[in-house]
Structure formats: structure tokens, C-alpha cells
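This briefing is meant for someone meeting the structure for the first time. Please keep the sequence and the three-dimensional view at hand while reading.

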Amino acid sequence: MRCFKALGLVLVALLASIGAAQATVQIHIDLSTQRMQVESSKGSHSWPVSTARAGYVTPRGVYSPTSLQKMHYSRKYHNSPMPHSIFFNGGYAIHGTNATGALGRPASHGCVRISPANAATLYKLVQQEGAQISITGSSPTRYAAHKTHRSNVASLHRPHRSHALAYGPSQRYRSITSSVKSWQSAPMTSPFGY
């Protein structure tokens, strides 16, 4: 009889752990689209995020939360507030930001930023159910920086509009200087005749 009770308790514990494992919040962050998909027992959400801007990295991979902090202040970045922080890889975290105008494009030092309201919702879900965080895709900053660089280089190679007269006297001095040839022979003379 005792054996059956023990076996029953083991089965109940096993079923409870399986239920808890299924209740884990699934957080997927796509660096390419700058969006977060959240699936939980309470429903699903799709939110814009900001990940690492040019020169910084948001790590790709699959992670579990390592700590939750209702309010964290970044010692590395000027004591910046990080409300509802969900740390997942060393100093990297998902957290709320007041820079909501930047959501949807890369803007952080590597953390995943979301709106304060969404951060509070996600924090509560992870606190209740646990989470698995997956980060995939490529940061669009890499391509945007390359495109901007190409357009800046192209603008440096645009020909001057007036090839031969690029450094000649402007239109208002032409009445004083009789011709371009005379100006070229004595370029240091004042166009005003003094």
C-alpha cells in the first residue's frame, strides 16, 4: 500500500512538472524585423523592440532567464534605468525603455528594449511561468550602415557642375573681371579692382 502511495505521489509530481514545463513563456526576438513574439498560457503578443545599434551586439541563441529585477540601474551606461529587467546572458537583458520612439529599429547597447507597459506585462508572465528566450536573425544596422556608407562615398565622387570654372570667379565678379583667361593669369588680384 505504501508503495502505491509513493508511486502516486511520484506520478503527481511528474505530471505537475510536465505541466509547468509546458507553461513556460516562449519569447522569440527577431533582430531582422526588430519584433518580439511572446507565447504564454495567458495569450500571445507581438511587440516592437530595439536591439543593438551599429557597433554593439545583441547575442543570438537560446537562453533562460538568469535573474529578474523590477528596477535595475546600469552601472556600465551612466546609471540608466532598466525597469522590469529580465537578464538572460551576463549583462544582457530584456527591459523597459522610455525611448519608445526608437522601438522598431536598433538603438541599444545590446539589450532588448521594449515599452514600459510591455516590459511590465512580460516581467509578470516570466515571474509566473518561467521563460525560454530565443534570438535569431541579423541586425538591420549592418545593412543600413553599409548602404549609408555607399551613398556617402558616391556623393564624394559627383562631378562638379561647372567643370572648367569650378574655381573661377562667381557670377557677380564676372562683370569686373573681363574674362576667365585674365583671371587665370592673375588670380591673386582683387576682383574689385583695388
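The points below take up a sheet and its helix, then an aromatic pair, and then a single strand residue.

The model discussed here is a predicted one. One of its features is an open sheet of 4 strands in the order β5-β6-β7-β8, with mixed pairing. Helix α2 packs on this sheet, and an aromatic pair is formed by Y63 and F88.

**The sheet**

- In the open sheet, whose 4 strands follow the order β5-β6-β7-β8, the edges are formed by β5 (67–74) and β8 (112–114), each of which pairs on one side only.
- From one strand to the next, the twist of this sheet averages 30°.
- Strand β7, which covers residues 92–96, runs parallel to β8 and is joined to that strand by 3 bridges.
- Within this part of the sheet, G96 stands opposite I114, a residue of β8.

**The helix on the sheet**

- Helix α2 touches β5, β6 (80–89), β7 and β8 as it packs on the sheet, and the direction of the helix makes about 40° with that of β6.
- N118 has its place in helix α2, which spans residues 116–129, and this residue is buried because its relative accessible area, 18%, is under the cut-off of 20%.
- Although N118 and G96 are 22 residues apart in sequence, their C-alpha atoms are 7.4 Å apart in space.
- The side chain of N118 also makes a polar contact, at 3.3 Å, with the side chain of W47.

**The aromatic pair**

- The count of aromatic pairs comes to 1, and the pair in question is made by Y63 and F88, which are tilted with 50° between the planes and 5.3 Å from centre to centre.
- Y63 belongs to strand β4 (residues 61–63) and F88 to strand β6, so the pair ties together parts that lie 25 residues apart in sequence.
- Both partners are buried: Y63 has a relative accessible area of 16%, while the value for F88 is 3%.

**A residue of strand β9**

- S134 is found in strand β9, which is made up of residues 131–136, and this residue counts as buried because its relative accessible area of 18% is under 20%.
- Leaving aside residues up to four places away in sequence, S134 touches I27, H28, I29, G61 and V62.

Technical notes. Residues numbered from 1 in each chain as written. Predicted model: local features only at pLDDT ≥ 70, side-chain atom pairs only at ≥ 80, totals over all residues. Heavy atoms only, no water. Helix = DSSP H or I, 4+ residues; strand = E, 2+ residues; numbered from the N terminus. Buried < 20%, exposed > 50% of the residue type's maximum accessible area, 1.4 Å probe, protein only. Contact = heavy atoms within 4.5 Å. Polar contact = N/O pair within 3.5 Å; in protein donor to acceptor, adjacent residues only side chain to side chain. Pairing = 2+ DSSP bridges. Axes fitted to C-alpha atoms, helices over the stretch in contact; angles between N-to-C directions. Phe/Tyr/Trp six-rings, centres within 6.5 Å; stacked < 30°, edge-to-face > 60°.
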